[in-house]
Amino acid sequence: MKIMVIQGPNLNMLGQRDPRIYGTMTMAQIHEQMSLAAKESNVDIEFYQSNYEGEIIDKIQECVGTCDAIIINAGGYTHTSIAIADAIAATRMPVVEVHISNIYAREEFRAKSFLSPVCAGTISGFGPFSYHLALLSAIQMVQQQRAFIAAQEEALKANNA
């Protein structure tokens, strides 16, 4: 199983950017913790960060056929990018939207996510632990998807026998 973690604009500034909202952990520390949890679950995990919308879209598209799930924190693009939402919808794979802060308890403009309607789920407000919850969710969804496909294949074999 392979999971891609895509980080949007300004997330490279974690640890320095408004610690009252985002905490003191750096992006590298979050990725290190996710890597340890992924290893325990025999999951390959890859990380990508960009401040540029088009590069994020390119990375989402590259995941098709190479990854089983995506975890995305699109940062400010969450509230503005229909293009990223369209790219996510086109993947037809489990995508978990994640946010460190509770976007619904902040400024009014942050409460609207263009990504939520095309993602399998959204995890928001648990600080850096949000990423761990997103990883567990992505793993569970891929495992359920694989079990469903296996059951369908078994049923098809039984019907053809």
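Two strands pair if DSSP finds at least two bridges between them, and strands here are DSSP runs of E with at least two residues, while helices are runs of H or I with at least four residues, both numbered from the N terminus. The views below show a predicted model, in which local features need pLDDT of at least 70 and side-chain atom pairs count only at pLDDT 80 or more, whereas totals for chains, interfaces and linings use all residues. Residues are numbered from 1 along each chain as its sequence is written, and side-chain values use heavy atoms, with hydrogens and water left out.

**View 1. The open sheet and the pairing of β1 with β3.** Five strands form an open sheet in the order β2-β1-β3-β4-β5, with parallel pairing. The edges are taken by β2 (44-49) and β5 (121-124), each of which has a single partner strand, so one side of each is left without a neighbour in the sheet. On average, neighbouring strands of this sheet are turned by 20 degrees against each other, direction ignored. Strand β1 (residues 2-7) pairs with strand β3 (residues 69-73) in the parallel sense over five bridges, and Ile6 has Ile72 as its bridge partner in β3.

**View 2. Helix α3 against the sheet and against α4.** Helix α3 lies across β1, β2 and β3 and runs at about 175 degrees to β1 (axes are lines fitted to C-alpha atoms, for helices over the stretch in contact, and angles run from 0 to 180 degrees between N-to-C directions). With helix α4 (residues 82-91), α3 packs at an angle of about 5 degrees, the axes being 9 Å apart. That makes α3 roughly parallel to α4, a term for angles under 35 degrees. Contact, meaning heavy atoms within 4.5 Å, is made by Glu53, Ile56, Ile57 and Ile60 of α3 and by Ala83, Ile84, Ala87, Ile88 and Thr91 of α4.

View 3. Lys59 is placed in helix α3 (residues 53-62) and is buried, with a relative accessible area of 12% (buried means under 20% relative accessible area, with a 1.4 Å probe and protein chains only). Its side chain makes a polar contact with the side chain of Glu62 (3.1 Å), that is, a pair of N or O atoms within 3.5 Å, of which, within protein, one must be able to donate a hydrogen and the other to accept it. Leaving aside its neighbours within four places in sequence, Lys59 is in contact with Met4, Ile6, Glu46 and Tyr48.

**View 4. Ser81 in the loop between β3 and α4.** Ser81, found in this loop, counts as buried at 0% relative accessibility. Apart from neighbours within four places in sequence, Ser81 is in contact with Glu53, Phe114 and Leu115.

Definitions and conventions
Buried < 20%, exposed > 50% of the residue type's maximum accessible area, 1.4 Å probe, protein only. Parallel < 35°, antiparallel > 145°, perpendicular 65-115°, else oblique.
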